[in-house]
Amino acid sequence: MSRIVPAFTVVPSGADEHVPPLSPADTVEALACMKAESVFEKYPEALVIGADTVVAFEGKILGKPADREDAVRTLRMLSGKEHEVFTGWCILAPGVKKSGSVRTAVRFRDLDEGFIREYADSGKPLDKAGSYGIQDDERLVAKYSGSFTNVVGFPEEEIREQLKSLGCVK
């Protein structure tokens with residue numbers, strides 16, 4: 001966000017993050033809007049941006065791992081395979097509501113067991129959808145198609161364009 005606007009405040013939403021079964025794109029968009037609406041209720045004169053990210057693999061949404069062993073299982077499952085990362089976004093301001101989602105395809109390298117355990121032991125996967133951060137280690141991802149920042153969890157290019165369309169940034 002700091003590459004888009006010079007000053008902003010992060011406000012955790014505290015929103016209930018349960019939605020009925022939807023497609024990955026619809027799920028993250030709904031979650032992003034729930035988060036943004038929760039914050040907008042407290043700050044109705046502000047411009048509020050909500051976002052949420054999931055990893056989808058073989059039709060299943062993968063959220064954050066429950067624990068280290070769950071992260072190890074997820075990394076093994078994704079090893080050498082392609083998955084999708086979806087980030088939903090929602091922008092609210094007085095008289096404005098815009099939302100959508102961004103999709104990026106990601107192919108993992110073949111990960112050896114030693115690397116998987118080392119990475120899980122680092123604790124980095126524990127707070128990330130799909131049990132990894134693309135920015136964490138170059139040994140994870142063989143290639144991706146789409147937005148790198150989307151995989152990080154905040155589709156910078158899309159948000160910048162949306163804020164430009166609202167006249168909020170140049």
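In which helix does valine 152 lie? In this predicted model, valine 152 belongs to helix 4, which covers residues 148-152. Its relative accessible area is 42%, so valine 152 is classed as partly exposed, a class that lies between the limits of 20% and 50%. Valine 152 also takes part in a nonpolar patch on the surface, together with Tyr144 and Phe148. The accessible area of these three residues together is about 250 Å².

Rolling a probe the size of a water molecule over the atoms shows where empty space is left. The largest pocket has a volume of about 1,400 Å³. Its lining comprises 49 residues, and those closest to the centre of the pocket are Lys35, Gly50, Ala51, Asp52 and Gly153. Two or more lining residues come from each of helix 1 (24-42), strand 1 (48-57), strand 2 (60-62) and helix 4. Strand 1 makes the greatest contribution to this lining, with 8 residues. By residue class, the lining of the largest pocket consists of 31 nonpolar, 11 polar and 7 charged residues.

Between strand 1 and strand 2 runs a loop that contains glutamate 58. The backbone of glutamate 58 has a positive phi of about 50°, although this residue is not a glycine. With a relative accessible area of 67%, glutamate 58 is over the 50% limit and therefore counts as exposed. Serine 131 likewise has a positive phi without being a glycine, in this case of about 70°. Serine 131 is placed in the loop between helix 3 (113-121) and strand 5 (141-145). Is serine 131 buried or exposed? Serine 131 is buried, because its relative accessible area of 1% is under the 20% limit.

The charged side chains form a further theme. Across the whole structure, a search finds 16 salt bridges. One of them joins lysine 97 and glutamate 37, with an N to O distance of 2.8 Å. This pair connects distant parts of the chain, since lysine 97 is in strand 4 (residues 96-108) and glutamate 37 in helix 1, 60 residues apart. Glutamate 37 has a relative accessibility of 32% and so counts as partly exposed.

Because arginine 139 lies in the loop between helix 3 and strand 5 while glutamate 118 lies in helix 3, the pair ties together parts that are 21 residues apart in sequence. Both partners count as partly exposed: arginine 139 has a relative accessibility of 38%, and glutamate 118 has one of 46%.

How far apart are the closest N and O atoms in the salt bridge between lysine 128 and aspartate 127? The distance between these atoms of lysine 128 and aspartate 127 is 3.4 Å. Lysine 128 counts as buried, because its relative accessibility of 17% falls under the 20% limit. Beyond such pairs, salt bridges also link Arg68, Glu69, Arg76, Glu113, Arg117 and Asp121 in a network.

Methods: Residues are numbered from 1 along each chain as its sequence is written. This is a predicted model: local features need pLDDT of at least 70, side-chain atom pairs count only at pLDDT 80 or more; totals for chains, interfaces and linings use all residues. Side-chain values use heavy atoms; hydrogens and water are left out. Patches are made of residues with over 30% relative accessible area and no salt bridge: like charges are joined within 9 Å, nonpolar side chains (Val, Leu, Ile, Met, Phe, Trp, Tyr) within 5 Å. Accessible areas come from the Shrake-Rupley method with a 1.4 Å probe; for residues, only the protein chains shown count as cover. A salt bridge is a side-chain nitrogen of Lys or Arg within 4 Å of a carboxyl oxygen of Asp or Glu. Helices (H or I, at least four residues) and strands (E, at least two) are DSSP runs, numbered from the N terminus. Buried means under 20% relative accessible area, exposed over 50%, partly exposed in between (1.4 Å probe, protein chains only). On a 1 Å grid over the protein atoms alone, a cavity is a set of points where a 1.4 Å probe fits but cannot get out, and a pocket is an open set with protein on both sides within 12 Å along at least five of seven lines; lining residues have an atom within 4 Å of a point. Grid points are joined across faces, edges and corners, and a volume is the space filled by probe spheres set on the points. Ala, Val, Leu, Ile, Met, Phe, Trp, Tyr, Cys and Pro count as nonpolar, Asp, Glu, Lys and Arg as charged, and the others, Gly among them, as polar.
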